[in-house]
Amino acid sequence: MIPHSRPTLDESDYRAVIEVMRTGYISQGEKVGEFEEKLSSYIGVKGGVATSSGTAALHLALLSLGIKEGDEVILPSYVCTAPLNAIYYTRAKPVIVDINEEDFNLSISEVKNKLTNRTKAIIVSHMFGQPADMAAILNIGIPVIEDCAHSIGASYKKTEYQNIRVSEYQKVGSFGLLSVFSFYATKMLASGEGGMVCSNDKELLSKMNDLREYDERDDFKVRFNYKMTDIEAILGLNQLKKLPAFISRRKEIAEKYNKAFSGHNFTVPSIGKSIVYRYVIRIEGDVETYINGIRDKGVDCRKPVHKPLHQYFGLKNFPVAERIYKCALSIPIYPSLTDEEVKYIIETIPKVLK
Ligand SMILES: *Cc1c(COP(=O)(O)O)cnc(C)c1O
């Protein structure tokens, strides 16, 4: 079976991890600091706070903004439950909004419809590698947390924000007040488990730094143990060096898929300036009827989102998320996919979807 996703690891990763093990510094240490520096400078922001997971990073980001019970936080319906959990940790109220047909990202008009005077933040998940419309989102004027778990390395051209025209592309994660990353095993770059919050705001960074660990403090307040280990950090650092190669290998595979799949009865994604974390096609009918058939042929395809968030609460009026949930199918794409596997996938998918 060709797995739906798989980490891309090589000898240099194994060696890096063993080198850290030999030093004895196996919890948070120098390597974590180095990873924070390298990743935030790659994104183009002042600093980062590394964490034990992307979920922990989201939690710290919300806490740094002072989000608490009685506040509301907007998030898209079509995303995993991690942002939803993080909002619940703070006891704030999640306000779920529908998405766009074109880019799977949260709908600006729906965000505007659901603003109240209690709205304290918007979590914008750039889905599958495709940047959300950051200029429009920033213009709303509410603090934005970019969720870049899918999209590290993607760029976006911020054209008109506060009447400033920016002609250069900037990396996602450099637009919001805060941005959050995940280095879970099968994300764009892996540290096993791990996450980071990046920001240009020194005060927010220092708040999160304080909340991340509890030991040897003179005052008491509720703090966490959200630290990343140096073993994870060195793996992250080593993977970061390979990120440009990972991005281009993914793009190369996506272009092969697009070429091979044109003229069939399903829609392929447009690639352009985005990166390809997930290769998501849209089929006619319900994907549920095809997933097992594709697996029987040895290719593990998935719904790219397990279940849209509004469905957990029985909420109505999410027509786009409902439609996409039915027709979107995620096909294996990752740098360690071999040319033979790519060829097999190209031959197999159209046969089953015919
Ligand atoms: C993976 C992911 C997260 C959470 O990251 P973890 O490291 O698994 O906690 C958050 N948002 C999105 C969009 C993700 O894909």
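Q: Which ligand atom is 3.0 Å from an N or O atom in the side chain of H150?
A: An oxygen atom. This is a predicted model, with local features needing pLDDT of at least 70, side-chain atom pairs pLDDT 80 or more, and totals for chains, interfaces and linings using all residues. Residues are numbered from 1 along each chain as its sequence is written, and side-chain values use heavy atoms, without hydrogens or water.

Q: What about K187 and G54?
A: An N or O atom in the K187 side chain is 3.0 Å from a ligand oxygen. For G54, a polar backbone atom is 2.8 Å from a ligand oxygen. Polar contacts here are N or O pairs within 3.5 Å.

Q: How much of the ligand's accessible area does the protein cover?
A: 88% of the 380 Å² that the ligand has on its own, by Shrake-Rupley with a 1.4 Å probe.

Q: Which residues surround the ligand?
A: Among them are S53, G54, T55, D147, H150, S182 and K187. The cut-off is a heavy atom within 4 Å.

Q: G54 is in α3, residues 54-64. Is that helix mostly covered or mostly open?
A: Mostly covered: nine of its 11 residues are buried, meaning under 20% relative accessible area. They include G54, H59 and S64. Helices are DSSP runs (H or I) of at least four residues.

Q: What happens at the start of α3?
A: A side-chain oxygen of S53 comes within 3.3 Å of the T55 backbone nitrogen.

Q: And just after α3?
A: G66 has a positive phi of about 75°.

Q: New topic. Where is L315?
A: In the loop between α10 (309-312) and α11 (319-327).

Q: Why does L315 count as partly exposed?
A: Because its relative accessibility is 39%. Exposed would mean over 50%.

Technical notes. Helix = DSSP H or I, 4+ residues; strand = E, 2+ residues; numbered from the N terminus. Buried < 20%, exposed > 50% of the residue type's maximum accessible area, 1.4 Å probe, protein only. Polar contact = N/O pair within 3.5 Å; in protein donor to acceptor, adjacent residues only side chain to side chain.
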